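Okay, everyone, thanks for coming.

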Amino acid sequence: MIHFVLLISRQGKVRLTKWYSPYSQKERSKVIRELSGVILTRGPKLCNFVEWRGFKVVYRRYASLYFCMCIDADDNELEVLEIIHHFVEILDRYFGSVCELDLIFNFHKAYYILDEILIAGELQESSKKVVARVIAAQDTLVETAKEQASSLSNMIAQATK
Amino acid sequence: MAGVVPSATAGGSSSNRSASSLVDSLFQPSLDGMIKSLRSAPGGESALIPRFLSEIRREIRSTDNDTKGAALQKLTYLSSIYSIDMAWAAFHALELLPSPNPALKRSAFLAASLCFHPSSTDLLPLATHQLRKDLQSPKFSFSVPALHLLVLSSSSDLALHLSDDLLSLLSSSHTTPHVRRCAAAASLAIIRLVPNYAHGFLPKLIEVLGPSSPLLSAAAGVFCELVSSGDPRAYLPLAPDFHRVLLECRDNWVLIKILKIFARLTPLEPRLSRKLVDPICDLMRRSSAKSLVFECIRTVFFGFPEQEAAVRLAVEKLKEFVAADDDSNLRYLGLQAMTILRKDQSWVVEENREAIVKSLADSDPNIRGEALRLIMSMVFENNIVDISAVLVHYALRSDPEFCNEILEAILFTCGRNFYELVIDFDWYVSLLGEMVRNPHFIKGDEVERQLIDIGLRVKDARLELVRVARDLLIDPALLGNNHLHRVLSAAAWISGEYIKFSKNPLEILEALLQPRISLLPSHVRAVYIQAVFKVMGFCIISYVNVHIASDSSHDVDKNAGSESLDAFEGDTSKPNSPVGLSRMKELLTSKSITYILNLIVTALAPFSECEEVEVQERACNVLGWIHMLDGVEWKTEDGEWSKDSKIMDISKIMAGVFSEELGPVSVNAQKRIPVPEGLELKENLSDLVLILGKDYIPPLPTISISLQKPFHSEDKETELTTESTSLLAEHRKRHGLYYLPTDKGENGSNEYPRANDSTLSVNLDNTEELLKLTDQSLAPRKTKPSKARPTVVKFNEDDDLTTYSRHLKEKKEGLLTGAVRDVLLFGEEKPSSSQKILSEESAEKMVLEISASSIADSLHKEDFAVGEVEHKISNSRKSKHHSHGKERHRHHRKSEDIEDKIHSTTKRGSHHHGRHKHMQKGESRNALLDVAPHTQVVQDLLL
């Protein structure tokens with residue numbers, strides 16, 4: 001299973017963290033520090049796997065962002081690389097050629113998308129279309145709720161004028 | 001509606017902006033504003049964060065949900081990006097969970113998933129009701145986040161209350177596959193938390209395990225996790241289902257999971273492999289997905305390495321991986337897969353040798369590491385010389401990090417199991433000497449350990465050892481490298497201890513006293529000074545002997561005279577000694593002795609005022625001896641040998657000091673020593689542990705090398721011992737002298753006894769035993785025929801330490817496995833099976849009561865394993881065990897800890913007997929071993 005997902009920028013800034021195994025806050029910071037030290041220093045042509053504390057960390061760099069996932073030693077590294085790519089493709093489709101800023105300012109969206117792809121550290125949905133549809137449906141829900149609220153407050157605003 | 005703009009004011013200035021922007025300002029801008037100011041902060045974010053946090057703390061208490069939500073979202077951002085602890089906000093997240101606004105609800109769930117921690121959150125019970133409501137909601141946007149939270153918070157309390165809802169979600173046909181998939185994945189967490197619920201969930205999961213089921217991927221994922229974390233045996237009945245999926249499913253994600261399951265099942269059920277070979281080989285040939293092919297390869301290697309054709313095919317595929325020049329991932333995985341096989345099928349490695357050796361030069365350190373591991377797996381007795389030589393040269397050209405990895409691998413492989421691969425120790429010793437000259441070398445500790453270890457264990461290697469040590473000591477350049485100080489310490493010790501093998505003791509003395517030794521740390525300098533002492537002693541003794549021999553040459557046989565005198569000299573006349581009598585005479589004239597003494601005095605005089613007591617004490621010892629020599633008229637006026645003087649007596653005493661050989665000591669030697677007469681074993685010593693506390697570290701076990709009498713028995717021991725070290729060890733064992741464990745080489749000063757060492761006093765008291773030992777040493781022994789491989793002294797019991805640790809590694813999976821087995825083998829008879837577990841438990845409790853003594857023994861055995869390291873603590877415990885009878889009830893309480901560990905596996909029916917047998921075995925072994933130790937273990941505590 002996937003124990004955690006990390007998105008780290010090339011400068012070592014964390015962009016997203018998701019923990020599927022229980023790590024305390026202290027451990028989390030330590031893990032992030034340790035791994036960004038290991039991964040960011042690796043050259044471009046090297047393999048995408050790092051052995052770490054008996055686990056394996058699979059990472060892949062997209063533009064300025066490193067997507068890292070930590071898995072058990074006997075998990076399939078290539079499969080996880082595909083999961084990472086899957087995630088990136090869905091992000092790309094959702095944001096329209098995603099960039100780091102999209103993930104910074106819409107961090108909760110990135111979390112929601114990740115939640116549609118992974119649950120309990122396992123791949124939940126392997127179809128990009130389905131994920132896109134689910135996310136779109138949620139966005140519509142939020143939009144309608146917003147519209148309702150705004151029409152309501154419009155009414156209040158007008159009434160109080 | 002309370003119009004509060006969160007970022008600007010918390011005081012409640014209502015705004016008169018247009019309504020739509022009001023909602024926006026409540027929400028997005030405040031978060032965006034925070035992110036923007038964090039990004040543009042000139043001095044870094046760390047200064048701003050506390051300010052934002054205090055703002056958030058204020059806003060989050062707001063009664064307005066939007067304000068609260070915005071604050072929570074900001075906090076979520078800070079927490080996930082800057083690792084800020086947000087456990088304190090758990091309640092606020094909880095407050096927003098029931099919000100009808102989907103955006104707020106969703107962000108509340110996100111915040112909750114970040115701040116609910118299974119161990120720390122006591123608020124979870126409050127969430128139960130809301131989660132249930134959301135789980136039952138027909139809207140997937142409510143139920144899915146609830147499922148995520150349920151999985152992540154993973155508290156058994158929640159699991160207990162919500163499992164029924166989860167079950168109905170999983171089985172209901174009204175919910176969408178999307179939600180059901182999440183429910184299936186979530187059920188894994190529930191099953192793990194409450195194994196008994198497996199009765200409910202497993203049948204449902206098995207139901208959806210069909211090739212066309214929309215829930216197949218989730219179910220396969222759950223089973224894959226269950227099989228790999230529990231006892232795979234329980235899942236064997238499902239093999240036909242998995243097989244069907246393997247044949248019919250076309251989804252690579254699912255196939256990989258199924259293959260993983262089979263990799264675990266096949267070793268348990270060999271008949272499976274016949275069924276699996278064809279479909280798996282088919283997949284390997286057909287599939288273009290590397291991940292699937294790789295999983296097939298791994299499954300073949302793990303699951304059925306005996307299927308020739310499948311392995312062949314897998315190896316073919318593997319070659320493609322290893323040869324993938326443009327993809328380092330494939331190269332890495334290819335090499336890694338080979339390490340699975342290496343033990344029984346070395347031909348795979350042999351066949352790919354070229355590629356592996358090539359990978360040693362890869363730019364990726366991970367690939368190089370794998371290649372190195374594989375190469376070391378190819379090392380056998382016949383090629384170790386070549387491979388090591390090649391690698392040592394290769395290390396010279398590699399980068400520092402990998403260079404040391406290589407050297408470490410060589411050291412480990414050659415040193416494994418008492419150098420079992422090394423036949424030619426002369427070669428190995430000189431290899432060590434060569435290794436340390438590598439400019440990147442940092443493994444000084446290990447080389448130090450091995451050099452001394454070989455010196456102690458392998459008698460035949462000592463000549464070469466001394467040569468290598470000389471080369472190291474004599475090179476002034478090495479003194480400047482602080483990674484080599486440990487090695488030099490070993491070299492100095494070897495030169496001192498085995499100086500009789502040296503061609504030129506004067507040269508070594510000069511090396512040991514060169515001015516640059518001031519660069520050494522004090523503990524190494526102390527070893528150097530002690531070595532100087534030994535060399536000086538050797539020179540004087542030899543000088544005396546040479547002259548006795550030459551004086552008496554006209555009437556008696558040369559050797560007889562010299563041999564009777566001392567241990568060192570006895571060997572110089574033997575064929576294996578590099579220095580003949582005549583050469584020695586040439587070397588050691590009264591002039592050279594004077595020179596030596598002057599040199600030593602000049603060099604060591606400053607050390608007699610050294611701040612380091614260790615150095616100072618030893619320097620003073622040496623100077624004291626020289627002072628004593630000065631008082632003796634050992635040469636006549638014309639610089640010739642004066643045979644009537646006291647020099648003979650002095651050299652005799654000196655010979656006595658260093659005559660006993662130091663040898664390796666069994667870790668179990670301690671147990672064999674009987675308690676000396678009159679030693680009182682006080683019962684209440686166990687209280688001492690309480691007083692001292694758990695972290696008290698007993699001072700003794702760090703000393704590594706046995707000390708019989710070098711420092712305190714000059715007057716008794718004058719005879720030389722010529723038998724091999726192994727025989728000596730045998731003899732020591734039989735006579736049960738006092739020894740300590742052999743973790744030698746831990747630090748430089750290990751070779752010497754400490755001040756106030758209790759062993760010394762024990763030995764001083766045991767003069768009788770000492771005499772007995774010397775008697776035995778004199779007894780004639782037959783010499784061993786020379787063998788190809790020199791004897792390496794070792795003790796069979798040395799591996800005892802590792803055996804017990806296996807007992808302690810017990811998983812808590814037993815319960816789950818039991819439940820799974822119930823479901824799969826006996827159907828769904830829930831109540832009866834849980835009863836069964838109960839009754840099983842109670843039965844086992846009875847077994848426990850009955851076999852309390854056996855557990856006490858097994859506890860005892862654990863004590864021994866630990867006890868080698870922590871003498872003091874275990875000693876007091878053992879003494880408690882020793883007093884049977886009234887203290888028996890204490891065993892019970894203690895043994896319960898272990899009982900938990902042992903019996904959690906005993907629950908697995910199939911393991912029961914084996915485990916029990918194991919315990920009995922341990923018990924009977926203990927019965928044999930424990931007789932002696934019981935009586936003496938408290939010795940070092942008292943002294």
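This is a predicted model: local features need pLDDT of at least 70, side-chain atom pairs count only at pLDDT 80 or more; totals for chains, interfaces and linings use all residues.

The crossing of α33(B) past α34(B) is left-handed. Who's touching whom? From α33(B) you have B:Leu597, B:Ile600, B:Val601 and B:Leu604, and they meet B:Ala619, B:Val622, B:Leu623, B:Ile626 and B:Leu629 from α34(B). Sorted by class, that contact has 9 nonpolar residues, with no polar and no charged ones.

Now for another pair, towards the start of the numbering. Helix α4 of chain B, residues 65–82, packs against helix α6 of chain B, residues 102–115, at an angle of about 40°, and the axes are 9 Å apart. Because of that angle, α4(B) counts as oblique to α6(B). This crossing, α4(B) with α6(B), is left-handed. The α4(B) side of the contact includes B:Gly69, B:Gln73, B:Thr76 and B:Ser79, while B:Leu104, B:Ser107 and B:Ala111 are among the residues on the α6(B) side. The class count here is 7 nonpolar, 7 polar and no charged residues.

Next, a bent helix. α15 of chain B, residues 271–286, bends by about 40° at B:Val277, and there's a proline, B:Pro279, following within four residues. Which residues of α15(B) are buried? Those would be B:Ser273, B:Leu276, B:Ile280 and B:Met284. The buried residues of α15(B) pack against α14 (252–265), α16 (290–303) and α17 (308–322) of chain B.

Let's zoom out to the whole chain. Chain B has 48 helices and 0 strands. It runs to 943 residues, of which 45% count as buried. And if you take the contacts in chain B with a separation of 6 or more, residues 24 or more positions apart account for 74% of them.

Last stop, the partner chain. Here 51 residues of chain B are in contact with 47 residues of chain A. Helix α10 of chain B, residues 177–193, gives the largest share of chain B's side, 7 residues. By class, that side has 23 nonpolar, 20 polar and 8 charged residues.

That's my tour, happy to chat.

Note on methods
Residues are numbered from 1 along each chain as its sequence is written. Chains are lettered from A and ligands numbered from 1 in the order in which they are written. Two residues are in contact if their C-beta atoms, placed from the backbone, lie within 7 Å. Helices (H or I, at least four residues) and strands (E, at least two) are DSSP runs, numbered from the N terminus. Ala, Val, Leu, Ile, Met, Phe, Trp, Tyr, Cys and Pro count as nonpolar, Asp, Glu, Lys and Arg as charged, and the others, Gly among them, as polar. A residue is buried if 20 or more other C-beta atoms lie within 10 Å of its own, exposed if 12 or fewer, and partly exposed in between; C-beta atoms are placed from the backbone. A crossing is left-handed if the near helix is turned anticlockwise from the far one by less than a right angle, and right-handed if clockwise. The bend at a residue is the angle between axes fitted to the seven residues ending there and the seven starting there. Axes are lines fitted to C-alpha atoms, for helices over the stretch in contact, and angles run from 0 to 180 degrees between N-to-C directions. Angles under 35 degrees count as roughly parallel, over 145 as roughly antiparallel, 65 to 115 as roughly perpendicular and the rest as oblique.
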